[in-house]
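The following questions and answers concern the structure shown below.

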Amino acid sequence: MPAINSHLFVVSAVLVLLQAGCVTPRQISYHRDVVPIIENKCLPCHTAPDGTGYLRSQLNLDSYELIMEGNAYGPVIVPGDSRHSILNMLVEERVDISMRTPHPLTTEEIETLRLWVDQGAKNN
Amino acid sequence: MEIQVIKDDGVYHMKMVAEVDAPAEYVHRVLTDYRHIYRLNPLITESEVLPSPGNGAVRVRTRIEDCTLIFCVDVERVEDVYDLSSRELQMVIVPSLSDFLSGSAKWIIGDKEEYSEIVYQAQIEPAFNTFPVVGSAIARRKLRQEMTALMARIECIANVLEEQDWSSLLQVVRPSVDSTCYKNVIPEPANASHK
């Protein structure tokens, strides 16, 4: 019985390693992948001084630094943790959203933002 | 701030008395802004206001994910909130919709003119094993940390709301992000290989 267990352990370990190697998520670039989404879908409203989204939430998404600063209530991004990032919660509609979205994000765009934050929300 | 946390027969009893440097009216506004409840607790990953069960209650669902060492919890909580007066809130967990066997909490907001005194009392009985190996000491410490962070956020957001009201009243420019409660540490730019 111990021999079977050790074989099972080795086989399981190999399978886990193979799986880990096969599902590497695509690497997200802020400038290449994220900026176009923000420019097309967010900036029409979230720009100072008079964008409607900015006036409602004081969230200005006009630059990487401003995105990382968040709004008056605190940061909207937790680098490396999209589950606890308010920006991701809002676009994934995991929380009640008060923003009107004239330009809804596609599933792929939402996923890109999730991967970007999970990969550290880098300015790359 | 005084916080007492004891565990008795699977039930956590908490009592906290804290002074918050913000007017009671604004503290009450922050606590009853249910749609933005996720601003108060950094562990929240989901929240929503559900249809009211009646009796003047507001039903609020929150989901919390947290890890300590290797132990992670992913907890669903639905509670009915009763705004008893301008200074008192009562919350009752709905066990059938939550990962809790029972639970209730009361917030009392004392108006001290210069500041607010918050008294929070709660009893919660998790339906999950909090930290099976390291015991309840870590759970108690986590609860203390969470309550301390919660008070800091309530104070900060209450002050932001008050500042916004004054800005609006005086018709001056809205507060900028300089008045942000707390800021992110911006990560270092990635090296060239990431571009």
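**Questions on chains A and B**

Q: Which pattern does chain B follow when read along the sequence?
A: The model is a predicted one. In it, chain B holds 2 helices and 8 strands. Read along the sequence, these elements of chain B give the pattern β-β-α-β-β-β-β-β-β-α.

Q: What percentage of the residues in chain B is buried?
A: A residue counts as buried if 20 or more other C-beta atoms lie within 10 Å of its own. Chain B has 195 residues, and the buried share of them is 24%.

Q: Which element of chain A has the lowest mean pLDDT?
A: Chain A as a whole has a mean pLDDT of 86, with 81% of its residues at 70 or more. Where pLDDT is low, the predicted coordinates should not be read in detail. Among the elements of chain A, helix 6 (residues 107–118) has the highest mean, 97, and the lowest, 57, belongs to helix 1 (residues 2–22).

Q: Within what arc do the buried residues of helix 2 of chain A fall?
A: The buried residues in helix 2 of chain A are Tyr30(A), Val34(A), Ile37(A), Lys41(A) and Cys42(A). They line one face of the helix, because, seen down its axis, they fall within an arc of 100°.

Key
Residues numbered from 1 in each chain as written. Chains lettered and ligands numbered in written order. Predicted model: local features only at pLDDT ≥ 70, side-chain atom pairs only at ≥ 80, totals over all residues. pLDDT = per-residue confidence, 0-100. Helix = DSSP H or I, 4+ residues; strand = E, 2+ residues; numbered from the N terminus. Buried ≥ 20, exposed ≤ 12 C-beta atoms within 10 Å, placed from the backbone. Arc of directions from axis to C-beta.
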